[in-house]
Amino acid sequence: MNLHEFQAKHLFTEAGIAIPRGYVARSSAEARAAAERLGGSAWVVKAQVHAGGRGKAGGVRVLRKTDEIERYADSLLGERLVTHQTDDRGQPIHALLVEEGLEIARELYLGALIDRSSQRVVFMASAAGGMDIEEVAASEPERIHTVRVHPAAGLQPYQCRQLGFALGLDKAQVGELTRMMQGVYRLFPERDLSLVEINPLIVTGEGRLLALDAKVTVDDNAVEIGRQSQIQDMRDLTQEDETEVRAAEHSLNYITLDGNIGCMVNGAGLAMATMDVIKLHGGSPANFLDVGGGTNADRVAEAFKIILSSPSVEGILVNIFGGIVRCDMIAEGIVAAVHDVGVDVPVVVRLEGTNVEQGKQILADSGLDLIPADDLADAAAKIVDIAGDAA
C-alpha cells in the first residue's frame, strides 16, 4: 500500500524527521490560502499521485505569485497526471501539496527497504539526489552506499556516520542525518513499512537537512489484518487499479497485465506457472488471477466478470487443481458461472485432482462451448492458437 507524499510526511513528522513547511489543498482557493499562510516569495506546488517522475510530467512547479498558484491548481485538480511510472491514462489528481520555497545547496538520496535475502533493513544513500535511483544504479553503481542493519542490534550511530561521511556531510549535518535515519528505522516496525525513499534529501542554503520529497510503502498484510488502522484510513483507492480493487473485495488476487489471454487459476504458484507456459507457447497473459483454494461458484463467476472487463481479452484459460475443493464441484461452478455471466470468448479448461473425471464429464454434458485440455501444455497450446486466430 502506497501513501501520498503529504501522508508520508505526516509519518515523518511523528518520527522527528525534518520536512519543509507545507499544507494540503484540494481546491485552487485552498492552494492560494496555503501559500499566503506560509508567507515568503516562492512556493512549490506538487500534484499528489502515487507515481514518481511528477516534475518531468508537469506535476511539480515553483511559483512566485499567488495568482499563478490558483491557475496552476485549476489546471491540475480533477485531471490525470501521466508519468513514466503510470499507464497511458495516468493517475487522478485530487489533492496538491503547497510547500515553502527553499534555497537548495545540495540534493542527496536516502532510502531504506526490507531486503528479503539478508532479512535486514538496508539503508541506501547517494550524493546523486533528485535523479531516478535506478538510473544511478545502472550507470554509476559506485555512487550508491549501503549499510545493513542487524535486527538484534538495531541501527547503530557508526552506520549513520558511515553514510554521512560517504555523502560528504559536515559534523553537524552527520548528526542531523543520524537522527533522520533513526526516525526512519523506527517507522519500519511501528508502521509496518517495506520501503522509504527521500529523493531528494536536501541540504538547504543554511546547511540544514530536510526531506524534500517522501515515498512510503506499507506492508499490505499489516493493513489487512488491522494492525495499522490509521494507515488504513490513508488508503486512496482512486490511485489503484479499479479492477484490482474490485477483485480484492471478492478475495481474488488479481493483477492487470497487457496480454490477450485471460487466466483463472487457483494458487499463486500455479498461476505463475500457467502464465509462463502461455508465454512459452507464444501467447501473452492478460492478467494474473488466483481464485484461491476454496473456490466456489460465486467466486468463479466474479472471476469471469473481472477477466471479461478487459476489452483486450480474446480467450480464457481456466487451470484448476482440485485439492481442497473437488474437481466436480469446480466444474459445476464453471458451468454455472458461464451461464450467468454470458461468456462470449473461447474458454479452455484444464482440471486436475480429486474427481477429475467427474468434473470433465460435467463440462462435456453442459452443452457449453468449453474446450477441454489434458494437461497444462495442451491447454496453453489450445488457448494460444485460438486467441491468435481471434487476433
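1. Two strands count as paired here if DSSP finds at least two bridges between them. With that in hand, E10 and E11 (residues 209–211) qualify, since they pair in the antiparallel sense over 3 bridges. Keep in mind that this is a predicted model.

2. Staying with that pair: Ile 202 has Leu 210 in E11 as its bridge partner. E10 and E11 make a hairpin with 4 residues between them, and Gly 207 in the turn has a positive phi of about 90°.

3. E10 (residues 193–204) has other antiparallel partners too. With E7 (residues 104–115) there are 8 bridges, and Leu 113 sits opposite Leu 195 of E10. With E12 (residues 215–218) there are 4 bridges, and there Leu 193 faces Val 218 of E12.

4. How many of the residues of E10 are buried? The count is 11 of 12, so the strand is mostly covered, taking buried as under 20% relative accessible area.

5. Now for helix H10 (residues 268–280). Its 13 residues should span 18 Å at 1.5 Å a residue, and the end C-alpha atoms are 18 Å apart, which agrees.

6. Which residues of H10 are buried? They are Ala 271, Thr 274, Met 275, Val 277 and Ile 278. Looking down the axis of H10, these buried residues fall within an arc of 165°, so they line one face of the helix. An α-helix has 3.6 residues a turn, so residues three or four places apart point the same way.

7. The other side of H10 carries exposed residues: Gly 269, Asp 276, Lys 279 and Leu 280. Just after H10, Gly 282 adopts a positive phi of about 90°.

How values were computed:
Residues numbered from 1 in each chain as written. Predicted model: local features only at pLDDT ≥ 70, side-chain atom pairs only at ≥ 80, totals over all residues. Heavy atoms only, no water. Helix = DSSP H or I, 4+ residues; strand = E, 2+ residues; numbered from the N terminus. Expected span 1.5 Å × (residues − 1). Buried < 20%, exposed > 50% of the residue type's maximum accessible area, 1.4 Å probe, protein only. Arc of directions from axis to C-beta.
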